[in-house]
Amino acid sequence: MSDLTPLAVFAVAAAGAAIVGLLEQLVAGVRPAPLALARAAAATLRQPLSRPDRRDGWLFHLAPGLLLIAALGALAFVPWAPGFRGIDLSTGAIAFAAALAYVTPAIFMAGWGAGRPLAVVGGFRWLALMLAYAMPLAMIITAVAAPAGSLRPTDIVEVQHAVPMALVQPLALALWLPAALAVCFLPPFDLPQADGELGGGAFSEYRGLDAALIGFAQRILLVAVSGMTAVLFLGGWQGPLLPPALWMALKTMAVAGLFLWVGRRLPRLEVDRVLSLAWKVANPLAILAIAYAGLITLLFYR
Amino acid sequence: MSDLATALVFWPAAVLMLVTGLYVFITSSMARAGLLLLASLGIEGLVFLALSSEFLGVLQLLMMSGEMVTMVFFMVMFMPDPGGLMGMDMVHDKRRSAAVAGLVGVGLALVAVLTDWPARAVGTDAPDVRAIGFEVMGRSMLTFLFAAMTILFAMVGGVLLAKYGGRYRIGAPAGEDRGGEAR
Amino acid sequence: MISLPVVLAFAGVMFGIGLYGVLGQTNTIMVIMGVELMLGASMLNVVGFLRYTHPDATSGSFFVLVLMTLMAVEAAVGFALVVSAFRHSRTAEVDDLTELRG
């Protein structure tokens, strides 16, 4: 398996992106049509690349690549079944957060490189948002890893064989879900693009291959984040009757569907409100979640 | 990792680290300078990984992303010409500082190469995360607490320094938005 | 072949680059960036020694952790100072912040 893992990550990424595309249609209330999805992707690819007339143009074209690398890197650390995973590090959970951290510079580069006022505003908004949300994300990963006594995602799955972590640490789950949704810059956290306010924001100038890469990367991000949610909180591949990989796929799809469904039903949050929520509520609560995780680790997991 | 894989990661990463580090001070666009610094220090994380310090490499990648992006934010705020569109010169004492820095850099490199370092038999296994955790929570607990206190002081001090009407009674100039403090 | 002198040499050159930034740049933020590069070089130094002389020492890793903390603290306090200085004299250029000159 180890020789095939890079290919496996790409296969999971492609399949996951396609499934997320279908889920998007399903959530939007449209009958899922793979052909329409493929046709839309092909139409995007046929557009010529746009070349912003600015000095930082190379940042503009580097950004989709960095975004894709960050998304694929995050996906590589998600274990899908025993023996079926991308990279198995003993610090995999932190490495996942490290990969997600590079979404921030990528979107800032996109906004800055475009050189249009609204795009730069989108980039700066995203910067402020992610600085506020990266910390609860990393802290909750530590809180969930504490009972397992290990930062290796497979160990975190193994420790949930009896009770999934969602039931043990509901506070951590409640903090994780909005932060995870924010990392994917999906509604209601679609502040960098914000079609209604910024007219596409950080991504307004992208055409053709660049735009296709960004769409692809966003869907892979959603797959990676949903997969990690399943691993950290829902017991990963563990479940009765069905084979492990199928359980994992079902859980990931359920989480991704939940994210998309919630996003369609909530209005976009205002940036100042999101920031004050993140700094004044989410961060202190995340510290509380770590303390609680330490307590239950000492009481039940030793 | 095998020796070949390590070398394939180490050499390009180390060279790229120096090149991006140098370009930080050559480019005139602030966004580029900050992102190049992020590249330099992030690639240093890859070098750590190649030197089989897995935990430190991953942590370096994680920390530097947030820190350097914050730095870009501040640079764009405080530079008179953040986009680098006017091509202004941001260097003083160019020749002397380059000479001093070059001498120090080359001197350190020479010392590194020429000294007969006590190289021990090398085990490839770096200490795993668990061992580092026991170190932090055991023998080095006091040092770690001291680092934590330093961060706390830095947070409080930073806020005090940066807020209007702080230690030096600096008020907001007339007409400037006080950033929500007035409310 | 990677060995301890190679790693230390890279760290030394990186330290020199950071020093160039500290000495040569006119803007306070760029000076802070130079200091970050110098601290990064010292971290690489420690990791090199850790890998090639004491591979099983956890205290070396711990030392790098403290250095990372130091980097964050330095940046935070530096930014706060820049904000304060900019409020006071409307500039962040090192050459213009001469109030303490005797």
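How many residues of chain B are in contact with chain C? The count is 71 residues of chain B against 61 residues of chain C; two residues are in contact if their C-beta atoms, placed from the backbone, lie within 7 Å. This is a predicted model, in which local features need pLDDT of at least 70, side-chain atom pairs count only at pLDDT 80 or more, and totals for chains, interfaces and linings use all residues. Residues are numbered from 1 along each chain as its sequence is written, while chains are lettered from A and ligands numbered from 1 in the order in which they are written.

**Chain B against chain C**

- Six helices of chain B each supply at least two residues of the side that touches chain C: α1 (3–23), α2 (30–50), α3 (54–78), α4 (94–114), α5 (129–137) and α6 (141–162).
- Helices (H or I, at least four residues) are DSSP runs, numbered from the N terminus.
- α4(B) gives the most to this side, with 12 residues.
- The side of chain B that touches chain C holds 49 nonpolar, 15 polar and 7 charged residues.
- Here Ala, Val, Leu, Ile, Met, Phe, Trp, Tyr, Cys and Pro count as nonpolar, Asp, Glu, Lys and Arg as charged, and the others, Gly among them, as polar.

**α5(B) on α3(C)**

- α5(B) packs with α3 (residues 58–89) of chain C at an angle of about 70°, and their axes are 9 Å apart.
- Axes are lines fitted to C-alpha atoms, for helices over the stretch in contact, and angles run from 0 to 180 degrees between N-to-C directions.
- The angle makes α5(B) roughly perpendicular to α3(C) (65 to 115 degrees).
- α5(B) contributes B:Ala131, B:Ile132, B:Glu135 and B:Val136; α3(C) contributes C:Thr58, C:Ser59, C:Ser61 and C:Phe62.
- This contact has 4 nonpolar, 3 polar and 1 charged residues.

**Chain B against chain A**

- Chain B puts 22 residues into this contact, and chain A puts in 21.
- On chain B, α2 and α3 each supply at least two residues of the side that touches chain A.
- The largest share of that side, 12 residues, comes from α3(B).

**A look at α4(B)**

- B:Ala101, B:Gly105, B:Leu108, B:Ala109 and B:Ala112 of α4(B) are buried (20 or more other C-beta atoms within 10 Å of the residue's own; exposed means 12 or fewer).
- The face turned away from the buried side carries exposed residues, including B:Arg95, B:Arg96 and B:Leu103.
- α1 (4–24) of chain C is included in what covers the buried residues of α4(B).

Key:
Parallel < 35°, antiparallel > 145°, perpendicular 65-115°, else oblique.
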